[in-house]
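Subject: Structure handover

Hello,

Please find the structure below, followed by notes on what was found in it.

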Amino acid sequence: MLAATIAAAAAFLGAHYGAPVMLFALLLGMAFNFLHEDGPCRAGIDFASKFVLRLGVGLLGARIALDDLAMIGLSGASVLVGLIGVTIASGFVIAPLFRRQWRFALLTGGAVAICGASAALAIAAVIPHNDKTERNTLFTVMAVTALSTLAMVGYPLLFQTLGFSELHQGFLIGATIHDVAQVVGAGFSVSDTAGEMATITKLFRVAMLPVVLVAIVLVLRATGTAASAGKIPLLPWFMVLFLALVILASVVTLPQPLVAQIDTVSRACLITAIAALGVKTSLKALTAVGGGHLAIVVIETLVLLGVAMTAMVWLDLL
């Protein structure tokens with residue numbers, strides 16, 4: 001109830017002030033950290049940060065249909081897969097330079113490469129935890145949300161200045177901005193054509209989430225990175241739900257009001273989970289992460305942007 005109340009307050013503030021709801025949920029949640037330390041709220045907050053989080057990620061599949069993804073084409077799909085791989089790999093190259101561990105590299109690289117906060121939460125759900133996992137997850141969500149908001153304003157101006165067509169701008173917006181909401185906002189600020197292409201491109205990146213999660217689990221099992229790696233299911237239940245909804249949406253034309261309702265429930269679950277993570281994390285712990293954390297996320301974002309624009313120019317996509 002505490003996490004849901006904070007989520008509702010964050011949604012209200014986001015709707016009235018035009019700011020990212022996820023950011024409000026994080027900040028409001030951290031103000032109630034004392035309720036997680038000891039008391040009757042602890043079990044509920046843990047439930048919201050785990051089960052409710054996984055349910056929200058699983059329900060994301062309802063918005064994806066394979067027919068829509070096919071509009072990108074083979075070359076576009078290949079580039080997007082390559083961008084995801086390069087961005088995640090860049091995290092493993094950059095993180096050691098700032099004395100950060102592989103968990104943080106994977107968390108931030110996956111969040112930047114795939115779908116921002118949702119990807120960060122999903123990846124955190126399958127990697128072996130340590131005492132810094134929740135703090136790093138919260139920081140990653142905050143960082144990618146803030147960078148997405150900046151990109152929503154700056155990227156359309158950058159792409160227009162560089163002379164990209166509306167279709168190319170839509171593809172680049174969908175391929176480089178982290179969160180879905182900001183992709184839609186940036187794409188349709190250019191034109192309807194750009195907005196539709198941006199949305200489809202972004203949905204392809206979201207559809208890659210279960211593929212990346214399975215790859216992570218396989219690598220953890222093969223390398224024996226953690227003693228708990230063998231206990232992680234190859235395909236967690238929330239990813240099974242995700243894929244089932246993708247298949248359902250591809251085989252049957254779901255009523256748009258139903259899709260909208262599922263999307264609303266998914267978003268509510270994710271905001272509630274973020275609020276719960278906020279409650280579990282103290283502001284003191286978050287400020288102790290240092291500038292290296294932020295530098296890694298910013299560099300990964302710039303790598304994704306640079307490689308995407310280079311691919312667009314050299315390969316003459318679309």
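In these notes, contact means heavy atoms within 4.5 Å. The model is a predicted one.

Helix H17

Helix H17 covers residues 291–315. The buried residues of H17 are Gly292, His293, Ile296, Val297, Glu300, Thr301, Leu304, Leu305, Ala308, Met309, Ala311 and Met312. An α-helix has 3.6 residues a turn, so residues three or four places apart point the same way. The cover over the buried residues of H17 includes H6, H7, helix H9 (133–161), helix H10 (166–176) and helix H12 (192–207).

Ile299 also belongs to H17. Leaving aside residues up to four places away in sequence, Ile299 touches Ile94 and Phe98. From Ile299 to Gly85 the C-alpha distance is 15 Å, and the two are 214 residues apart in sequence. After H17 comes Asp316, which has a positive phi, near 50°.

Helices H6 and H7

Helix H6 takes in residues 73–94 and helix H7 residues 102–113. Their axes come within 8 Å and cross at roughly 150°. An angle over 145 degrees counts as roughly antiparallel, and H6 and H7 are therefore roughly antiparallel to each other. The crossing of the two is right-handed.

On the H6 side, the residues that meet H7 are Ile84, Thr87, Ile88, Gly91 and Phe92. Their partners in H7 are Trp102, Ala105, Leu106, Gly109, Gly110, Val112 and Ala113. Sorted by class, the contact of H6 with H7 has eight nonpolar residues, four polar ones and no charged ones.

The loop between H6 and H7 holds Arg99. Is Arg99 buried or exposed? Its relative accessibility is 79%, so Arg99 counts as exposed. Arg99 is not a glycine, yet its phi is positive, about 60°. Most residues other than glycine have a negative phi.

Helix H8

How many of the ten residues of helix H8 (residues 117–126) are buried? Ten of the ten are, so H8 is largely enclosed by the rest of the structure. The buried residues run from Ala117, Ser118, Ala119, Ala120 and Leu121 to Ala122, Ile123, Ala124, Ala125 and Val126.

Two further residues

Gln182 sits in helix H11, residues 180–190. At 9% relative accessibility, Gln182 counts as buried, because the cut-off for buried is under 20%. What does Gln182 touch, not counting residues up to four places away in sequence? The residues are Pro20, Thr145, Ser148, Thr149, Met152 and Ile177.

Ala215 is part of helix H13, residues 209–223. Its relative accessible area is 36%, so Ala215 is partly exposed. The C-alpha atoms of Ala215 and Leu235 are separated by 10.0 Å, and the two residues are 20 residues apart along the chain.

Regards

Terms used. Residues are numbered from 1 along each chain as its sequence is written. This is a predicted model: local features need pLDDT of at least 70, side-chain atom pairs count only at pLDDT 80 or more; totals for chains, interfaces and linings use all residues. Side-chain values use heavy atoms; hydrogens and water are left out. Axes are lines fitted to C-alpha atoms, for helices over the stretch in contact, and angles run from 0 to 180 degrees between N-to-C directions. Helices (H or I, at least four residues) and strands (E, at least two) are DSSP runs, numbered from the N terminus. Angles under 35 degrees count as roughly parallel, over 145 as roughly antiparallel, 65 to 115 as roughly perpendicular and the rest as oblique. A crossing is left-handed if the near helix is turned anticlockwise from the far one by less than a right angle, and right-handed if clockwise. Ala, Val, Leu, Ile, Met, Phe, Trp, Tyr, Cys and Pro count as nonpolar, Asp, Glu, Lys and Arg as charged, and the others, Gly among them, as polar. The expected span of a helix is 1.5 Å times one less than its number of residues. Buried means under 20% relative accessible area, exposed over 50%, partly exposed in between (1.4 Å probe, protein chains only).
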